Amino acid sequence: MSRQISDLSITPRRRWMGILAKSPRAALERAWNELGDKPEYRLLRAPEIGLAMVRGRIAGAGEPFNLGEMTMTRAAVQIAAPQGGTLTGYGHVAGRQPRHAELAAIFDAMLQRGDECAAALIEDLAGKLAAGRAAKAAKVAPSKVEFFTLVRGE
């Protein structure tokens with residue numbers, strides 16, 4: 001059974017990090033450019049590209065196995081917390097996308113400190129991702145094939 005981004009059983013931070021990673025970089029860049037009061041941030045880990053092992057399970061619930069490696073980019077930033085101190089934001093995205101990982105880390109840190117504009121962005125991006133999934137499902141629905149078997153003899 002696959003989990004959707006909107007699944008309420010996952011933690012809010014896990015949900016928003018998934019949304020930031022799966023959203024297009026252009027949407028995050030647009031939101032960053034439209035921010036009136038951009039937080040100052042410090043790169044703790046400059047965006048770096050590497051490989052991650054992707055694991056699978058036989059029939060979705062069976063024995064795990066190594067499927068192969070995928071390219072990913074990660075970054076970490078630090079911003080000031082409202083009550084003093086600092087907050088650390090992390091960004092992990094699929095592929096070779098340094099700016100996407102950096103923006104995801106910045107928005108992660110902003111969401112940790114409770115920025116309302118970042119929370120509104122997450123809801124907007126979640127809606128767009130859900131609409132994209134629905135459009136894709138509607139496009140492939142006509143090609144769905146139902147298989148059935150007949151019992152022969154007794």
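Tutor: Searching the whole structure turns up 2 aromatic pairs, where rings of Phe, Tyr and Trp (its six-membered ring) pair if their centres lie within 6.5 Å, with planes under 30 degrees apart called stacked, over 60 edge-to-face and the rest tilted. Take W32 and Y41: their ring centres sit 6.1 Å apart and their planes meet at 75°, so this pair is edge-to-face. Before going on, keep in mind that this is a predicted model, in which local features need pLDDT of at least 70, side-chain atom pairs count only at pLDDT 80 or more, and totals for chains, interfaces and linings use all residues. Residues are numbered from 1 along each chain as its sequence is written, and side-chain values use heavy atoms, with hydrogens and water left out.

Y41 has 29% relative accessibility, so it counts as partly exposed; buried means under 20% relative accessible area, exposed over 50%, and partly exposed in between (1.4 Å probe, protein chains only). W32, at 8%, counts as buried. The rings of W32 and F107 also pair, with centres 6.3 Å apart and planes at 90°, so that pair is edge-to-face. W32 belongs to helix α2 (residues 25-34) and F107 to helix α3, so the pair ties together parts that are 75 residues apart in sequence. Helices here (H or I, at least four residues) and strands (E, at least two) are DSSP runs, numbered from the N terminus. F107 is buried, at a relative accessible area of 2%. Put together, the ring pairs link W32, Y41 and F107 into a cluster.

Helix α3 (residues 98-112) lies across β1, β2 and β3 and runs at about 140° to β3. For angles like that, axes are lines fitted to C-alpha atoms, for helices over the stretch in contact, and angles run from 0 to 180 degrees between N-to-C directions. Contact means heavy atoms within 4.5 Å.

Next, the strands. There are 3 of them, in an open sheet ordered β1-β2-β3 with antiparallel pairing; two strands pair if DSSP finds at least two bridges between them. β1 (41-57) and β3 (86-94) stand at the edges with a single partner strand each, so one side of each has no neighbour in the sheet. From one strand to the next, the twist averages 25°.

Going strand by strand, β1 and β2 (residues 64-80) run antiparallel and are joined by 14 bridges.

β3 has a covered face made of L87, G89, G91 and V93, and an uncovered one made of T86, T88, Y90, H92 and A94.

One more helix packing is worth a look. The axes of α1 (residues 12-22) and α4 (residues 116-140) come within 10 Å and cross at roughly 60°. On the α1 side the contact uses R15, W16, I19, L20 and K22, and on the α4 side I122, E123, L125, A126 and L129. By class that makes 7 nonpolar, no polar and 3 charged residues; Ala, Val, Leu, Ile, Met, Phe, Trp, Tyr, Cys and Pro count as nonpolar, Asp, Glu, Lys and Arg as charged, and the others, Gly among them, as polar.
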